Amino acid sequence: MRSITSLGLLCRYFNFRVKLFSIIDISKSMYRYYLILFTGLALMRAQESSVISVGVVDFQAEGISDLEVRTLTQRFTSELNNTARAILFDREVLNNQITSAGLTVAGCKTPECILTNIGNELGAQFIITGSISKNGDRYALAAVLTDVVTQKAERVLSTDYRGPVDGMITELEIMAWEIMDLEPPESLVTKRKGKTKKKIKKPNTKSSIGALARATALPGWGHFYLDQNSRGLMFMSAEVVALATGYFAYMNYSRAYDNVDRYWGFYKESTDHTELQNYKTRTLEAEQIMLDNNNLLTVAFRAAAAIHLVNMLDAYMTEIVQKPLGSSATVGFNLDPISHQPQLRLTIALD
Amino acid sequence: MRWISFILTACVSVFVSCDLIDPEFDNPLDVQNNKPPALLISPEDYASSLGQSVEMSLYALEVEGVAGMRAQVNYDDTMVEVTQVVPGTFFDSNQSPLFVYDDDKNGKIDVYSVFLGSNKQVSGTGNIAIINFRVISNGETVIQISNESQLLDSNGNSIPLQSFGKGVIRAQ
């Protein structure tokens with residue numbers, strides 16, 4: 001198992017370069033060139049990768065001993081490593097961080113506890129917490145993958161298993177694949193025993209219904225939700241323009257309506273021939289303005305309704321591109337748990 | 001159900017339209033409604049109630065060189081009664097016109113307004129008399145200017161009238 005993160009390696013590599021270049025006294029411009037080139041290559045490599053750094057916390061236990069649960073967590077971790085999608089954060093380092101924060105490893109196994117106390121110092125992007133409980137030949141397994149930065153659960157897996165204990169270990173290993181959003185290998189699936197009931201939740205997964213609900217509430221919101229910002233902005237702007245046009249047309253219509261009502265009243269009451277003709281002319285002019293603006297507001301509101309419907313339909317039908325785990329890039333300082341030195345942490349898209 | 005209401009709201013907004021006024025230019029003094037020269041009642045509709053008075057104005061429309069006139073007004077004496085008749089502004093009081101009226105109490109009233117002298121006359125549109133009616137019975141009654149009405153020029157010649165107006169009193 002790899003004991004340090006690739007980011008830790010990156011930082012150490014930079015330190016090494018600094019020393020090396022200072023010894024051979026290479027020119028400053030060359031150093032910058034190499035630094036930029038290396039950083040670019042590292043970013044490109046990272047962008048192509050789909051690997052995330054994960055710290056696995058010892059699972060909580062119920063009905064089994066601490067030693068057993070530690071062994072089972074180790075099996076889970078080993079299988080996680082087999083997925084080749086996770087760079088595993090050293091569990092000893094993680095446990096040391098927990099104890100350094102004045103807590104006990106046994107007493108801090110929930111994501112809330114870990115992230116509240118050592119969240120800023122963790123060198124991993126994600127943590128996996130879980131629980132194993134046993135009642136006769138029934139086992140309840142659970143695992144949660146939590147984003148360290150957002151502190152939100154990305155995957156929640158729960159498996160109810162009934163059968164022999166080796167079948168439970170197989171289920172645990174399958175969970176290691178499923179929590180990484182991968183199909184378990186055939187060799188594992190064929191090893192399955194007993195009866196299994198499984199639930200997989202992806203709380204932050206975007207859905208078409210979610211997009212439709214947002215698009216219905218506010219044009220463009222559904223697209224923003226799906227990261228289709230330009231389309232979202234387009235729908236929102238179009239709706240605003242249509243509604244604003246409708247509103248101003250309504251204001252003009254309303255004014256003209258009042259004028260028609262007023263001048264027509266004057267006309268009906270008028271007994272002076274010149275005045276009567278004047279009010280008649282004004283009534284007709286106001287009536288024309290009223291009709292024009294009524295037509296305009298009708299068209300504008302119909303357009304707004306059409307835009308709203310198209311926006312809803314488009315949001316619903318837009319293909320959802322799920323962001324891979326750890327795809328959001330962040331940069332920040334934190335303490336390297338191994339060297340106990342400040343570390344520049346760069347988190348970038350890994351797919 | 002939530003979705004249905006959203007869709008219905010959206011559909012309703014597609015068919016949105018505002019209330020419109022369709023003005024009817026029915027002022028009796030508008031030459032488009034009555035061919036001049038004419039004797040008319042304006043306005044034409046009056047709403048009242050039992051025991052209340054209604055002030056009805058008689059107008060001459062687009063007349064030329066009028067020195068005297070006789071307006072005969074027919075009314076239903078079971079519905080209304082005449083309480084007062086006063087001269088209008090058309091026959092200018094500075095020119096001292098003779099203004100008299102004769103109510104036969106059987107649904108017919110004759111109103112006369114005449115300039116004494118051959119050089120006095122008026123033209124145009126104006127109020128010739130105001131007749132006050134009292135409503136004595138509920139219902140709808142028509143006050144009609146009869147075609148017995150006459151306009152005379154300063155030489156005593158009759159000016160042919162093209163239109164004769166009417167008014168309606170609705171008493172509730």
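Colleague: Which residues of α3(A) are buried in this predicted model, and what makes them count as buried?

Modeller: In α3(A), the buried residues are A:Val69, A:Leu72, A:Thr73, A:Phe76, A:Thr77, A:Glu79 and A:Leu80. The term applies because a buried residue has 20 or more other C-beta atoms within 10 Å of its own.

Colleague: What puts these residues on the same side of α3(A)?

Modeller: They cover an arc of only 165° around the axis, and therefore lie on the same side of α3(A). In general, an α-helix has 3.6 residues a turn, so residues three or four places apart point the same way.

Colleague: Why are α10(A) and α11(A) called roughly antiparallel?

Modeller: Their axes cross at roughly 160° and come within 7 Å. Angles over 145 degrees count as roughly antiparallel, and the two helices are therefore described in that way. The crossing of α10(A) past α11(A) is left-handed. The residues of this contact comprise 26 nonpolar, nine polar and four charged.

Colleague: Why is A:Asp227 called partly exposed?

Modeller: A:Asp227 has 13 C-beta neighbours inside 10 Å. A residue with 12 or fewer would be exposed and one with 20 or more buried, so a count in between is called partly exposed. A:Asp227 lies in the loop between α9 and α10 of chain A and, although not a glycine, has a positive phi of about 65°.

Colleague: What makes B:Glu62 partly exposed?

Modeller: B:Glu62 has 17 other C-beta atoms within 10 Å, and is therefore partly exposed. This residue belongs to strand β3 of chain B, and its phi is also positive, near 50°.

How values were computed. Residues numbered from 1 in each chain as written. Chains lettered and ligands numbered in written order. Predicted model: local features only at pLDDT ≥ 70, side-chain atom pairs only at ≥ 80, totals over all residues. Axes fitted to C-alpha atoms, helices over the stretch in contact; angles between N-to-C directions. Helix = DSSP H or I, 4+ residues; strand = E, 2+ residues; numbered from the N terminus. Parallel < 35°, antiparallel > 145°, perpendicular 65-115°, else oblique. Left-handed = near helix turned anticlockwise from the far one by under 90°. Nonpolar A, V, L, I, M, F, W, Y, C, P; charged D, E, K, R; others polar. Arc of directions from axis to C-beta.
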